[in-house]
Amino acid sequence: MIKSSFSFWVEQWLFRHRVRFLVFFLVLTALFLGFATQTKVDARFEKQLPLGHEYIQKFREFESEFGGANRVVLAMIVEEGEIFNEDYFNKLDSLTKDVYAMPGVDQASVTSLFTPNVRFTEVVEDGFTGGNVVPADFANTLQDLAKVKENVLKSNYMGRLVTDSFNGAMVMANLLDVDPDTKEPLDTFAVARELESLREKYETEAIKVHVIGFAKVMGDIRDGALNVIFFFCVTIVVTALLVWFYSQSFLFSILPMGCSLAAVAWQLGIIHLMGFGIDPMSILVPFLVFAIGVSHGVQMVRVFRDQLFHGEEASVAARKAFSELLIPGGVALLTDTIGFITILLIPVPTIRELAIAASVGVAAIIVTNLILLPLLLSYQKPSHEYRERVAKRKVKTKKFWHKVSVVSERRMAKGLVVIGALLFVFGFDQATRVEVGDLHEGVPELRSDSRYNQDTAAITDNFNLGVDVLIAFVETVKDGSVDYKVMELLDRFEWRLKNIEGVKSVLGLAGMARKINSGYSEGILKWQVLPFNRDMLAQAVGRVETSTGLTNLDGSVLPVMIFLEDHKAETIRRVVTAVKEFENNYGYKNVHFSLAGGNAGIMAASNEVVRNAQFPILIYVFSAVILLCFASFRSVKIVTCIVLPLALVSVLAHTLMFWMEIGLKTSTLPVVALGVGEGVDYGIYLFSCFIAQRRKGLAFADAIEAAMQQAGSAIVFTGLTLSVGVGTWAFSTLQIQADMGILLMFMFLMNMVCAIVLIPAIARLLFRS
Amino acid sequence: MKPVAEKIDGPSLIASLANHSLLLGIDGEAGRSIAVGERGHILLTENNGKNWIQKKSPTRRTLNSVCIVDQKTIWIVGHQSTVLRSQDGGENWTKIQVLDDPETSFLDVLFVDSSRGFIVGSYGKYFSTIDGGETWVENEQEDDPHFYQIASQPNGVLWMVGEFGTVWKSNNQGESWEPLDSQYDGTFFGVVPLNKSSSIILHGLQGNIFRFKKGSILKKIESPTNAILQRGVQLKDGRLVLAAGAGEMLLGARDGRLFQVLALFDKTAVPTDLWQAEDGSLLVTTDRGVFRMTLDELNKSRLDD
């Protein structure tokens with residue numbers, strides 16, 4: 001390690017003005033803390049969209065024209081019997097009125113048996129006849145209910161507004177982006193709260209209320225994200241215990257923890273000043289910052305204490321600790337930062353904010369734990385009794401590390417390296433099987449047994465409603481919808497997609513127009529064709545309103561909704577490929593088939609982004625680690641010792657993903673970069689001790705053992721602290737947080753084990769005695 | 001000038017879901033049956049409807065009706081004046097030009113023997129051949145209802161039905177037609193001439209069933225449904241089956257004097273045409289493919305009488 005005059009010079013300057021600096025840092029911390037408290041939750045949907053992806057650009061292009069995507073559905077399903085009774089219809093009537101009254105609801109879009117837009121038609125001798133499914137003079141008598149049942153059967157709403165088995169009905173509404181009354185952007189969370197209160201109002205033992213819709217998802221995700229604050233408290237308590245156990249001193253526990261919390265305050269304050277809010281992903285950053293901060297703080301305490309035991313004055317010991325750790329600590333934190341910065345490769349705003357927040361946090365640690373902490377330490381005067389206690393324990397740990405150092409005996413080392421290599425090969429094989437995308441049913445952010453996902457299952461089981469939908473946009477010329485040639489091609493497109501494995505149903509203008517044409521011809525199915533005659537085609541198409549989302553006003557954009565059996569990456573990819581093939585084979589000047597809308601369309605884009613970033617991220621993060629390690633140590637051997645275990649751990653992390661059925665998604669892709677960036681710390685600390693020992697002229701075996709005695713306990717401690725910090729996420733109600741927590745915990749622990757077992761073993765084989 | 005749509009057609013796509021698509025017409029002979037429908041789908045079975053194989057078709061247009069003339073020759077008609085013929089028992093199909101008008105839809109085809117055949121369609125279109133389909137002659141007439149079905153009685157009498165209560169009868173193999181006053185304005189979608197009597201059954205909109213006996217006027221039969229009745233067939237045992245609304249058919253007894261509902265396995269499938277296969281099973285084309293109901297299942301329903 002280069003012991004530069006730089007750190008000596010900084011040390012002189014810093015400690016000469018230590019009071020001024022202390023005051024300055026404390027004032028800054030107070031300021032940032034003030035800003036941090038103003039941090040807002042910002043879980044906007046757009047932030048999850050991959051930027052610049054062609055699918056998303058199309059989605060954005062047509063978003064305003066087909067805005068009806070922000071829909072909420074409330075279904076009331078009876079536990080037993082049918083819905084045709086007085087009580088149920090009173091409730092449905094009242095629920096419909098409540099939905100009308102909800103803020104941000106597009107009143108014209110409210111649809112239930114009680115709304116006037118729900119009509120039935122019947123083909124009779126002289127054409128169509130029809131009326132409201134629930135007639136205007138409905139008085140909720142037995143006869144009235146029987147009439148409604150009859151009308152429902154004649155309507156198109158069987159399976160849509162009423163279940164096929166008559167055990168439930170629903171109210172649907174679209175939300176407006178801007179509240180028409182207040183002219184404010186829609187408060188999604190207020191809508192979510194409102195929906196939850198409607199559920200409370202109407203749910204009884206006999207009637208279950210199921211609520212789905214984008215607004216509800218966002219509300220549930222936010223609630224889940226905020227629960228994390230509880231985990232943060234747990235983390236602080238457990239970490240405090242660990243630190244106390246390690247340092248054996250109240251003061252030496254409080255100082256590194258306080259500095260790490262200060263780093264969190266800096267991080268939150270700075271990202272608030274940068275204009276960012278906090279979202280379900282970036283809310284995890286404070287944990288990381290706190291844990292990384294504590295681990296570096298503990299290293300500082302360790303060196304400071306060692307100096308004290310060598311008989312130095314507290315102020316001198318603090319100076320020495322500072323100058324000894326400024327470079328290795330700085331390099332380690334810099335590597336962390338670079339690991340986080342590679343995450344910027346994923347062009348998804350939430351992930352980028354996560355990367356920025358984490359980088360800011362780590363930069364803050366450099367100030368709080370490498371500078372502020374030694375300044376604070378320089379004022380401490382530990383008692384004689386404390387020195388003895390630590391010295392006693394040191395004897396115990398010394399024995400322990402002596403035993404552990406057998407890993408660097410030649411035979412043992414060979415065995416360990418072989419085991420490592422075998423694990424790598426095995427892990428690599430498993431790792432290649434990790435699938436891109438989400439592998440489970442329901443909304444991937446939430447747990448599969450969450451109320452929302454249960455509601456989704458209840459609604460999709462009972463109604464003919466698909467929740468995994470991919471929208472292909474058929475872009476044609478003005479009035480393309482009444483051009484037979486265009487519509488015939490659209491009809492073939494719909495049919496082609498319907499034949500793709502994993503597609504449940506397809507809804508498009510051509511299919512709709514064919515059904516309507518049959519309706520015009522007395523309902524006989526022989527006329528379920530696209531009329532060749534332009535006027536007749538226009539007549540059929542004209543009955544399809546833009547609110548269906550199947551056409552725009554001038555008939556130039558005709559979205560096709562493709563309902564999928566699931567949203568597995570493979571299913572989505574098959575559909576995407578089919579659409580692209582169709583465009584290549586049949587698209588021409590006047591008709592183009594482009595992707596994509598719908599939740600599955602966004603997943604398609606995210607999956608492609610993840611697939612594209614998957615390898616570059618690994619390459620960049622490893623290149624950064626290799627370069628920085630090389631710059632610090634100027635030794636290929638040391639770089640090898642540090643990098644090989646990291647590679648093994650990242651491969652094993654993928655293996656774990658495969659076993660736990662965690663897909664590679666925008667939320668799990670950054671984990672490896674975080675894990676590798678952090679894991680390099682151990683190697684750096686270990687080798688900086690090792691080199692110091694070698695400089696003293698120690699033989700390899702002694703130098704390694706000494707390094708392990710110096711840094712080993714701190715490494716174990718750090719691994720545990722970090723694991724606790726992220727491990728609590730495993731209990732989060734949000735699936736994304738749980739996935740990230742489990743993976744990170746695994747990586748942090750494995751990195752620790754590899755650092756104390758594999759690094760010395762590899763070093764043994766590379767270095768001469 | 002009104003923009004004219006471009007005439008486009010091409011071979012049908014062989015699709016895994018062809019047997020779950022909208023099928024509209026079926027005919028059979030011995031163990032073989034052919035079902036036709038949307039997107040030019042032609043499906044063939046050699047084992048009384050247990051397995052169906054999609055055949056290559058030169059058209060994507062919706063096919064409405066099929067008629068098996070003999071072991072080799074089969075005719076199919078459809079929308080946009082589509083006519084197809086196979087001369088090898090349904091393996092290969094070629095387009096036959098009878099009329100070149102994309103706005104004419106052919107709705108039914110019938111051959112009474114190997115040389116004499118008829119095609120009827122929209123707006124009163126009616127073609128006939130006496131040379132096995134080598135040449136077709138358009139028979140102009142004043143009325144222009146959609147003709148939905150042409151059928152022959154065992155005694156050679158021909159019946160043609162369609163919109164506006166149209167019921168035409170011909171005693172001379174279609175040389176001349178005699179309109180009957182049906183005293184009904186609605187559409188008749190089909191006619192089922194009964195085998196062992198001179199009666200015929202007419203059916204159409206709103207579950208309407210009429211029975212017509214030679215020399216007497218039409219008699220309205222009480223119907224258990226108000227769904228449209230698209231097609232009908234008489235079984236070998238004399239009972240009738242009519243295709244009704246979603247998931248339902250009507251089973252007729254006593255020469256079509258009494259009807260009761262016969263449920264289809266798929267409650268949402270709308271039946272469109274029927275054929276009793278050689279082994280007695282009933283093959284039903286629907287908007288969700290073709291269904292097979294065995295004779296045993298059919299006979300269970302008889303017990304409910």
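How far does helix H2 (residues 18-36) of chain A reach from its first C-alpha to its last? In this predicted model, the helix has 19 residues and spans 26 Å between those two atoms, close to the 27 Å expected at 1.5 Å a residue.

**Helix H2 of chain A**

Thr29(A), Phe32(A) and Ala36(A) are buried in H2(A). Viewed down the helix axis, the buried residues fall within an arc of 70°, so they line one face of H2(A). An α-helix has 3.6 residues a turn, so residues three or four places apart point the same way. The cover over the buried residues of H2(A) includes helix H8 (250-273) of chain A. On the face turned away from the buried side, H2(A) carries exposed residues, among them Val19(A), Arg20(A) and Phe24(A).

**Gly207 of chain B**

In chain B, Gly207(B) sits in the loop between strand E18 (200-204) and strand E19 (209-212). Gly207(B) is buried, because 20 other C-beta atoms lie within 10 Å. Beyond its neighbours within four places in sequence, Gly207(B) is in contact with Ser223(B), Thr225(B), Asn226(B), Ala227(B) and Leu229(B). The C-alpha atom of Gly207(B) is separated by 9.0 Å from that of Gly245(B), a residue 38 residues apart from it along the chain.

**Where chains A and B meet**

Contacts between the chains involve 19 residues of chain A and 29 residues of chain B. Strand E2 (119-124) and helix H15 (484-498) of chain A are the elements that each give two or more residues to chain A's side. H15(A) gives the most, with five residues. The table sets out that side of chain A by class.

| Class, side of chain A touching chain B | Number |
|---|---|
| Nonpolar | eight residues |
| Polar | four residues |

How values were computed
Residues are numbered from 1 along each chain as its sequence is written. Chains are lettered from A and ligands numbered from 1 in the order in which they are written. This is a predicted model: local features need pLDDT of at least 70, side-chain atom pairs count only at pLDDT 80 or more; totals for chains, interfaces and linings use all residues. Helices (H or I, at least four residues) and strands (E, at least two) are DSSP runs, numbered from the N terminus. The expected span of a helix is 1.5 Å times one less than its number of residues. A residue is buried if 20 or more other C-beta atoms lie within 10 Å of its own, exposed if 12 or fewer, and partly exposed in between; C-beta atoms are placed from the backbone. The arc is that of the directions from the helix axis to the C-beta atoms. Two residues are in contact if their C-beta atoms, placed from the backbone, lie within 7 Å. Ala, Val, Leu, Ile, Met, Phe, Trp, Tyr, Cys and Pro count as nonpolar, Asp, Glu, Lys and Arg as charged, and the others, Gly among them, as polar.
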